[in-house]
Amino acid sequence: MDRLAIAEVRLTPVLVADPPLLNTQGVHQPYAPRLIVEVVTRGGVTGLGETYGDTVYLDLARPLADALLGHTVTDLNALPALAARVCGDPSLSSPRRSSRGGPDAATGADAVDAAGLRGVQTADKLRLSVLSGFEVACLDAWGRATGLPVHALLGGKVRDRVAYSAYLFYRWAAHPAGRGESDDWGAALDPSGIVAQARRFADRHGFTSFKLKGGVFPPAQEIATIRALAAAFPGRPLRLDPNGAWSVPTSLQVAHELRDVLEYLEDPASGTARMAEVAAGTPLPLATNMCVTTFREIPEAFARGAVQVVLGDHHYWGGLRATRELAAVCRTFGIGLSLHSNTHLGISLAAMTHVAATLPDLDHACDTHYPWGTEDVLAERLVFRDGHLDVGDAPGLGVDLDRDRLAALHRRWLADDGTYRSRDDAAAMRLAEPGWVTPAVPRW
Ligand SMILES: O=C([O-])[C@@H](O)[C@@H](O)[C@H](O)[C@@H](O)C(=O)[O-]
Ligand SMILES: [Mg+2]
């Protein structure tokens with residue numbers, strides 16, 4: 001076991017180019033922060049992990065990296081207690097208030113994570129997101145050391161490929177003020193722009209299900225866009241996700257109008273109480289990555305019938321093994337499961353794919369932002385075929401780091417004056433609309 005003990009942990013924050021994708025809080029900044037975790041064993045094997053890289057996560061990752069030295073990479077059940085001891089602060093375990101002031105500082109059901117549209121932000125969730133990067137790195141190292149793929153360490157795959165959906169966004173052609181990197185997608189601000197975007201995703205990656213990020217325009221415009229997608233891709237699974245921007249009556253109206261074409265409606269309203277009211281008034285399934293984001297939120301949401309599909313995310317649920325626990329709970333209560341995504345790199349996509357491969361009841365194609373990315377830290381980018389990623393049997397995650405790329409993205413982080421070190425979609429929006437503040441919910 002000694003050769004599996006952790007001799008070194010390397011943390012490398014990076015800034016990754018991100019296109020000007022619109023959501024209800026604003027627009028993506030030109031660069032998104034991510035954290036690359038490397039765990040090196042005494043036997044000389046290096047495992048890779050990735051998680052959110054905003055400053056608040058980095059502050060928790062550093063003490064955990066120090067505390068991990070000497071532990072073995074197989075000692076995963078001890079990780080949560082270790083993380084709670086070195087980076088926990090129980091006094092922060094209630095919903096965090098935003099430090100940005102204005103409508104961002106909402107509390108209670110509306111206290112969403114201003115940076116990530118991922119539900120209420122708690123100290124527990126931050127810590128679990130950090131922990132997940134270390135858990136994945138340990139699993140990767142363990143797999144590399146033993147010649148086993150990560151899915152085998154999780155009990156074995158039940159499928160050889162994992163389905164992903166196209167993640168469509170209203171977007172600008174370029175970031176304001178000439179910032180960021182350019183791409184050739186052009187603007188997509190109306191139904192025909194989104195249909196063209198969807199065709200490109202389908203042609204390039206073979207995706208056959210489509211999710212539109214909503215909450216950007218008044219609901220009637222987004223209904224028209226979904227209708228245009230339904231006409232262009234008849235019978236294909238479609239989803240609409242306004243990140244909790246609508247009132248209960250608006251959610252019910254949209255659900256009624258799109259009931260024949262949507263696979264599910266994702267977080268139409270914010271908070272379990274509103275979601276339960278919407279669910280009670282429509283036969284359309286509701287999915288969430290906002291009101292059920294922790295085990296603690298499950299009992300009330302499931303008891304009230306607030307959601308029919310949980311979009312798990314191995315980052316904030318606390319890792320790949322915690323995602324399997326989530327799957328067991330969902331199965332027990334007859335709730336569907338799929339996986340959520342934010343801007344991420346190939347390490348996280350590989351990790352998602354390994355855990356997804358082990359989940360018997362993965363009912364819907366997973367979300368991923370990956371196709372929007374043009375940069376990676378991997379030697380080879382992962383490639384979708386027919387809308388799927390193959391589940392490999394190479395040791396560990398089966399991906400390799402390109403150190404030059406990692407160094408280049410880290411240099412960008414070092415050179416940044418702090419503007420991009422924490423995600424702030426409202427700040428990015430203010431460059432185009434100076435008076436912009438994160439809209440209060442319900443917005444419509
Ligand atoms: O990146 C975005 O704009 C998304 O809105 C993201 O922040 C959400 O967390 C996510 O994709 C979702 O499904 O809500
Ligand atoms: Mg969502």
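At what angle do helix 2 and helix 3 pack, and how far apart are their axes?

Guide: In this predicted model, helix 2 spans residues 79-87 and helix 3 spans residues 123-146. The two pack at an angle of about 130 degrees, and their axes lie 10 Å apart. On the side of helix 2, the contact is made by Leu79, Pro80, Ala83, Ala84 and Cys87, while helix 3 contributes Arg127, Leu131, Phe134 and Glu135. By class, the residues of this contact comprise 7 nonpolar and 2 charged, with no polar ones.

The magnesium ion (ligand 2) is coordinated by Asp241 through OD, Glu266 through OE and Asn289 through OD1, at 1.9 to 2.2 Å. Along the sequence, these donor residues follow the spacing D-x24-E-x22-N. Asp241 and Asn289 link distant parts of the chain, being 48 residues apart: Asp241 belongs to strand 9 (residues 238-241), whereas Asn289 lies in the loop between strand 11 (286-288) and helix 9 (298-303). With a relative accessible area of 0%, Asp241 is buried. Asn289 has a relative accessible area of 1% and is likewise buried, because the cut-off for that term is under 20%.

Methods
Residues numbered from 1 in each chain as written. Chains lettered and ligands numbered in written order. Predicted model: local features only at pLDDT ≥ 70, side-chain atom pairs only at ≥ 80, totals over all residues. Heavy atoms only, no water. Donors = N, O, S within 2.8 Å, 3.2 Å for Na, K, Ca; no water. Helix = DSSP H or I, 4+ residues; strand = E, 2+ residues; numbered from the N terminus. Buried < 20%, exposed > 50% of the residue type's maximum accessible area, 1.4 Å probe, protein only. Axes fitted to C-alpha atoms, helices over the stretch in contact; angles between N-to-C directions. Contact = heavy atoms within 4.5 Å. Nonpolar A, V, L, I, M, F, W, Y, C, P; charged D, E, K, R; others polar.
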